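Morning, everyone. Let's take a quick look at one model. Please have the viewer open.

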Amino acid sequence: MLYAGLVLYGVTDALVIRADLGLDPWDVFHQGLSRHTGISIGNVSILVGAVVLLLWWPIRQRPGLGTVSNVVLVGASIDATCAVVPHVEALSARIPLLLAGVLFNGVATGLYIAARFGPGPRDGLMTGLHRRTGRSLRLIRTGIELTVLAAGFVLGGGVGVGTVLYALAIGPLAQFFLRVFGGSAAGTPPTVAVPAAPDPRERAVADSI
């Protein structure tokens with residue numbers, strides 16, 4: 001579940017990139033850096049993930065197997081998929097790419113979180129700051145994502161209708177698939193991803209989506 005989710009996450013990120021209708025906030029930032037450095041967007045994602053992971057040390061957040069795997073596999077999957085999926089010009093092809101990317105990104109998120117091997121570096125930064133500061137998780141997430149979105153936009157990353165669609169859809173989709181892969185029917189509390197006495201970090205990751 002963990003590795004299927006991480007690979008699928010990178011594949012779906014690449015589909016949204018190829019749709020060229022707007023990216024999620026972190027990928028806007030990655031794309032902006034990629035355009036200025038000449039480094040592929042997947043490798044930029046890996047480098048940014050590693051830097052974010054270093055920020056865990058002062059907030060005493062502990063990485064898991066899923067955290068380290070996330071840093072490498074998502075970026076590698078983005079580049080591999082971009083290498084085989086060509087640029088498309090027709091809007092009639094780009095819209096289905098965007099919709100498929102967002103939908104299956106929700107599937108991927110549900111898979112890797114339900115596997116319970118630790119949050120990704122970016123989610124872990126949010127939950128770690130939440131635990132250390134006592135601030136609302138939604139407030140911290142919004143603050144971080146608005147910051148990277150603004151930085152990415154200034155750097156030339158793609159902001160558009162896809163950015164808005166992702167922001168509105170990914171939470172409900174990921175929460176639904178988290179329940180599916182956690183062994184619960186939609187609409188009931190997830191019994192595996194959020195057990196009766198959960199690790200606070202895992203509950204925070206589940207809440208963050």
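Ground rules. This is a predicted model, where local features need pLDDT of at least 70, side-chain atom pairs count only at pLDDT 80 or more, and totals for chains, interfaces and linings use all residues. Residues are numbered from 1 along each chain as its sequence is written, and side-chain values use heavy atoms, with hydrogens and water left out.

The overview. The chain has nine helices and zero strands. Helices here are DSSP runs of H or I with at least four residues, strands are runs of E with at least two, and both are numbered from the N terminus. Of the 209 residues, 50% count as buried. Buried means under 20% relative accessible area, exposed means over 50%, and partly exposed lies in between, with a 1.4 Å probe and protein chains only. The chain exposes about 9,900 Å², and carbon and sulfur atoms supply 68% of that. Those areas come from the Shrake-Rupley method with a 1.4 Å probe; for residues, only the protein chains shown count as cover. Now contacts, meaning heavy atoms within 4.5 Å. Take those with a separation of 6 or more: residues 24 or more positions apart account for 77% of them.

First pair. Helix α1, residues 2-19, packs on helix α5, residues 91-114. The angle is about 160°, and the axes are 8 Å apart. Axes are lines fitted to C-alpha atoms, for helices over the stretch in contact, and angles run from 0 to 180 degrees between N-to-C directions. So α1 is roughly antiparallel to α5. The cut-offs: under 35 degrees is roughly parallel, over 145 roughly antiparallel, 65 to 115 roughly perpendicular, and the rest oblique. The crossing is left-handed. That is, the near helix is turned anticlockwise from the far one by less than a right angle; clockwise would be right-handed. Who meets whom? On α1, the residues include L2, L6, Y9 and V16. On α5, they include L98, F104, V107 and Y112. By class, the contact has 16 nonpolar, five polar and three charged residues. Ala, Val, Leu, Ile, Met, Phe, Trp, Tyr, Cys and Pro count as nonpolar, Asp, Glu, Lys and Arg as charged, and the others, Gly among them, as polar.

Second pair. Helix α6, residues 121-133, and α7 pack at about 130°, with axes 9 Å apart. That makes α6 oblique to α7. Their crossing is right-handed. From α6 come L125, M126, T127, L129, H130 and T133; from α7 come L137, I140, R141, I144 and E145. The contact splits into six nonpolar, three polar and two charged residues.

Stay on α7, residues 137-155, for T142. Buried or exposed, or in between? T142 is partly exposed, at 40% relative accessible area. Its C-alpha is 9.5 Å from that of M126, 16 residues apart along the chain. E145 is also in α7. E145 counts as buried, because its relative accessibility is 18%. Leaving out residues up to four places away in sequence, E145 touches P25, W26 and M126.

Last, backbone. Most residues other than glycine have a negative phi. D20 has a positive phi, near 55°. D20 sits in the loop between α1 and α2 and is partly exposed at 48%. R116 has a positive phi too, about 60°. R116 lies in the loop between α5 and α6 and is partly exposed at 36%.
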